[in-house]
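The following note sets out, point by point, what can be read from the coordinates of the chain shown here. It is meant for a colleague who will check each remark against the structure.

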Amino acid sequence: MDIKDIQNLIKFVSKAEVSEVKYKTKDFEITIKTPLGGSEVSYMQQPAVYHTAPQQAAPAAAQASAPAASTPAADAVSDDSKFVTIKSPMIGTFYRKPSPDKDVFVNVGDEVSNGKVVCVIEAMKLFNQIESEVSGKIVKILVDDASPVEYDQPLFLVDPS
């Protein structure tokens, strides 16, 4: 099992929202634990060799590309600390519309409520609706349509007042 297979397995488990998955072969074992689609990932290899390279590589890749893509978001958050950020719960492609011929879910200035769909993220040919976890007004859209997003990347700024 190479790093690409492990990363795909992590994406799948994150998207499936299960708490734990174990995959075992004759000479390899991997356990992925996710508290509610979360962030804790554990790797183990059976024959007395602790396999740490994938554990370091997956978060490093996410951290390396997320700051580059979200530098304007970091400036906006520091200027507008009263705003709440809606973040991506997964890795995938961000879309503002449910399909190319439909209207966008939300625009700047629109009111959102808890549970309202604000975008979709495509991951492995599945379109996942992302719902707002806060009520308020959309202040800024931080990601361009059809752009790749990382786990926990800021997508929207919401004014909760």
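**Notes on the predicted model**

1. Ser-147 is buried, at a relative accessible area of 17%; buried stands for under 20% relative accessible area, exposed for over 50%, and partly exposed for what lies in between (1.4 Å probe, protein chains only). Ser-147 belongs to strand β10 (residues 147–149). Once neighbours within four places in sequence are set aside, Ser-147 is in contact with Gly-92, Thr-93 and Phe-94, a contact being heavy atoms within 4.5 Å.

2. Some conventions apply throughout. This is a predicted model, in which local features need pLDDT of at least 70 and side-chain atom pairs count only at pLDDT 80 or more, while totals for chains, interfaces and linings use all residues. Residues are numbered from 1 along each chain as its sequence is written, and side-chain values use heavy atoms, with hydrogens and water left out.

3. The chain contains three helices and 11 strands. Helices (H or I, at least four residues) and strands (E, at least two) are DSSP runs, numbered from the N terminus. Along the sequence their pattern is α-β-β-β-α-α-β-β-β-β-β-β-β-β.

4. Of the chain's 161 residues, 35% count as buried. The chain exposes about 9,600 Å², of which carbon and sulfur atoms supply 52%; such areas come from the Shrake-Rupley method with a 1.4 Å probe, and for residues only the protein chains shown count as cover. Among contacts between residues at least 6 apart in sequence, 53% join residues at least 24 apart.

5. The largest nonpolar core has 18 residues, and those with the most contacts inside it are Phe-94, Val-118, Cys-119, Ile-138, Leu-155 and Phe-156. A nonpolar core is a set of buried Ala, Val, Leu, Ile, Met, Phe, Trp, Tyr and Cys residues joined through side-chain atoms within 4.5 Å. Two or more residues of this core come from each of β7 (117–123), β9 (136–141) and β11 (154–159). The greatest contribution is that of β7, with four residues.

6. Which residues are in contact with Val-118, leaving aside its neighbours within four places in sequence? They are Ile-86, Phe-105, Val-106, Val-112, Ile-130, Ser-132 and Phe-156.

7. Four strands form an open sheet in the order β4-β11-β9-β6, with antiparallel pairing; two strands pair if DSSP finds at least two bridges between them. β4 (84–87) and β6 (111–112) stand at the edges with a single partner strand each, so one side of each has no neighbour in the sheet.

8. Within this sheet, β11 is joined to β4 by four bridges in antiparallel fashion, and Lys-87 stands opposite Pro-154 in β11. Four bridges also join β9 to β11, again antiparallel, with Ile-138 opposite Val-158 in β11. The antiparallel pairing of β6 and β9 has two bridges, and Gly-136 in β9 is the bridge partner of Val-112. Because six of the six residues of β11 are buried, this strand is largely enclosed by the rest of the structure.

9. The structure holds two aromatic pairs. Phe-94 and Phe-156 form a tilted pair, 5.9 Å centre to centre and with 55° between the planes. Rings of Phe, Tyr and Trp (its six-membered ring) pair if their centres lie within 6.5 Å; planes under 30 degrees apart count as stacked, over 60 as edge-to-face and the rest as tilted. Phe-94 lies in strand β5 (residues 92–95) and Phe-156 in β11, so this pair ties together parts that are 62 residues apart in sequence. Phe-94 is buried, at 0% relative accessibility, and Phe-156 is buried at 0%.

10. The pair of Tyr-95 and Phe-127 is tilted, at 6.1 Å centre to centre and 45° between the planes. Tyr-95 in strand β5 and Phe-127 in strand β8 (residues 126–131) are 32 residues apart, and their pair links distant parts of the chain. Tyr-95 is partly exposed at 22% relative accessibility, whereas Phe-127 is exposed at 52%.

11. Tyr-23 is located in strand β1 (residues 20–24). With 38% relative accessibility, Tyr-23 is partly exposed. The C-alpha atoms of Tyr-23 and Leu-9 are separated by 9.6 Å, the two residues being 14 residues apart along the chain.
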